[in-house]
Amino acid sequence: MKNFKTLVKDLAPKKFGKFDIIWTCFLVLIIIIGIVAYIDQLIKGQEVTNMRDYALWGIYISNFVFFVATSFVGSVTVAILRLTNNEWRTPLVRIAEIISVAAIVMAGITIMIDMARPDRLLNLFIHARLQSPITWDVFIIPTYILISLLLLYFPLIPDFAILKKYFKKKDPKLSKWYGKLSLNWTGSIAQKAIQTKSIRIIAIMIIPVGLLLQTIDAWLFSTTYRIGWDSTNFAPYFISGALVAGIGALVSVIYVVRKHKKLEYYITDFHFDKLGKLLVLACLTYLYFNINEYLIPAFTSKKGESIHLDTLFTGAYAPLFWSVTIIGLIFPIIILLFKKGRKPLPMFIVGLVVVVGSWWKRFVIVTPTLLHPFLPIQGVPESWHHYFPSLHEWLITVATLAMALLIITLLVRYLPVIPIQRTADELGLSENKIKNTES
Amino acid sequence: MGKNKKNSRRKFLDNGLKLGLITAIGGIGISKLTSKLNAKTSSSSNDKMELMTTDGTLIQVDSSEVMEVEHDTNHDKKYNIREGMPNRKFVMVIDLAKCKNALKCQSACNKHHYITGDNAWMKVYKMQESKDSAPYWMPTTCMHCDKPACVTVCPVDATFKRKDGLVLIDNERCIGCRFCMAACPYSTRVFNWGEPGQEITLNMDMTDHTPSPEHGGMPSLKGTVDKCDFCPHQVQNNELPHCVTACPNGVFYFGDKYEDTVTNGDETVRLSQLLEDKAGYRLMESLGTEPSVYYLPPTNRLVDFEDGLEFYKEFESVEKPEQS
């Protein structure tokens, strides 16, 4: 049986090892390369991308949609599992919140990379027009960033107080920082009451805001006439897709963190089993909306729709479409339906596949539609009939992904990835108890 | 010590402020005085002038007070650029029966809007609805929709709809998000992906020109959207848009819906009569965009479709100037 001291020792943040430093440097290097590519794009304009007048949005947008989708994990695991009193969430929520913050911050940055005139960013506020879905995004993304940060921060306050004490001798500087962040937490009944209430309000608030975020993201597409986007199914389709992407990311990160920080005692097979069930539920829901999205237009097969669907089912985008659907969605469902498939290692592989599949899925949603406008594509260079990202686009996009991983890495380094106080409470441990047994 | 230092600094600031205030007041006083003195010397002439006010009474004014006002010749052409020319509603009719893909419209448009990219604002599409139906040539401009999807989605009001029917772009406000391009079902919008380079390719001096929504491409700006503007800069001078005048076959009719007349330069006709006689229609009526451009179906054609194939280029719409 663990006592409070060993618990804190287990869960307190640890210094970077050799491997962590190499990993961080690697990410920083990728980010620097991306920044250089972005500066070049700023100077030369977006002609350095392979986007043109027909494929007018590319991986910057699909990558943005991916980040937005992944950020949904915070609302789901934390808020929904909390409101439904699923106790098994405890060791998982902190990581979910961290992923959420990293993803939504990066979503905000990514959308600016797509803007051809970032120097006129303020126009979005000065000349804002309420009827544009982009303006809705301008409102909802900062709101979600703020709520996600609060949802990460509030439950951390008691842990900061514990860490302040823990690091007092080992690392006074770090202890001071934790002390400041703990806002003089003493654990008194009054403080606890305020904290519980605040967390509850945020947890309730993040659900509608999270749903709105995904919905607005879907509306960016479905408010146009374009075949493949003009769908009333789009918002729930995006919401369920966000569940898949988010939980997939959560599973992958949790596996790595657990292995790296040796948290097998706290994050057990039981947790992976539960997460696996949640992921399979998400995948099944997403499959359902996929069937709606593709099968009904295929059934009525209006001319434009069938041209679009042909390129997906049998045409140029068929390999990608079927990989994303079969490997990224159907295989995970089959694997996760078996108990053996919900063990940590297979779950990790499934999680990674789901995340990669989710990323490419957004590409399949954004690009093919743009290449089938209502009027035929004529009078433009042959290369404008296709789209595949340029080197600049890849370097910048990979850098944004690296930046998200860097944010996660740094937060995992300095924050207790498993809530200490709550775990202690659940295990029935407390500081006083130790004192009692000691004395 | 510390307190003393603080005090002395405050005193210094205080004095400085007072001194400054006195100088300012003094300065204003002196300048007022000199201006009064100057006025006295200049108004010494005793010539009186008789003038009539706007309500008809005669008054006498010292002739030195009378100044000549430059007469405003541009009087009725002044209007708010975002609101448009008052009491007008511009429309176009494109007669598909006459079009044989001569592409003069396109080259005139490219020339007068200084287009340097690879995608012309005006296209002449090679159309064929189905295997058994006849092929035809279909010129397209911006449809200047009355319910423009592009305007609805623009987050910054850079593209806007005017009362005279035009949909224009403020290139100095556009943020380059390209949402309007995604929203437009007619694929009419063109983006400046890089530096337009009009100075280099067209050998033009653009430094004196500030961009105006009323003359697209003059100059084009990097990272912003361009499109057909219906040539309000031509209309202002009582001239027809470039594509209308350039067309050798009289395909394009331009005019004012309120006046119910359109003209292709050779003949002027009643808009309503033309649309009724020739069964005019609009592109993608089902989308509800309410375009300002009408089409007359390609019936009783005066020209062979095949004649146009000679000029048809699938992958080019802007001729590149020859390298010299």
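B:Asn238 is found in the loop between α6 (232-235) and α7 (242-246) of chain B, where helices (H or I, at least four residues) and strands (E, at least two) are DSSP runs numbered from the N terminus. The model is a predicted one, in which local features need pLDDT of at least 70 and side-chain atom pairs count only at pLDDT 80 or more, while totals for chains, interfaces and linings use all residues. Residues are numbered from 1 along each chain as its sequence is written, and chains are lettered from A, with ligands numbered from 1, in the order in which they are written.

Most residues other than glycine have a negative phi, and most peptide bonds are trans. B:Asn238, although it is not a glycine, has a positive phi of about 55°, and it counts as exposed, with 6 C-beta neighbours inside 10 Å. B:Leu103 is likewise not a glycine and has a positive phi, of about 65°; its place is in the loop between β3 (90-95) and α2 (104-112) of chain B. B:Leu103 is buried, with 25 other C-beta atoms within 10 Å. A residue is called buried if 20 or more other C-beta atoms, placed from the backbone, lie within 10 Å of its own, exposed if 12 or fewer do, and partly exposed in between.

Turning to where the chains meet, 41 residues of chain B are in contact with 35 residues of chain A, contact being counted if the C-beta atoms of two residues, placed from the backbone, lie within 7 Å. On the side of chain B that touches chain A, at least two residues each come from β4 (123-127), α3 (149-153), α4 (179-183) and β8 (190-191), and α4(B) gives the most, with four residues. The residues on this side of chain B divide into 22 nonpolar, eight polar and eleven charged, with Ala, Val, Leu, Ile, Met, Phe, Trp, Tyr, Cys and Pro counted as nonpolar, Asp, Glu, Lys and Arg as charged, and the others, Gly among them, as polar.

Within chain A, helix α12 (residues 269-300) and helix α14 (residues 318-337) pack at an angle of about 135°, with their axes 9 Å apart; axes are lines fitted to C-alpha atoms, for helices over the stretch in contact, and angles run from 0 to 180 degrees between N-to-C directions. That makes α12(A) oblique to α14(A), because angles under 35 degrees count as roughly parallel, over 145 as roughly antiparallel, 65 to 115 as roughly perpendicular and the rest as oblique. The residues of this contact between α12(A) and α14(A) divide into eleven nonpolar, three polar and no charged.
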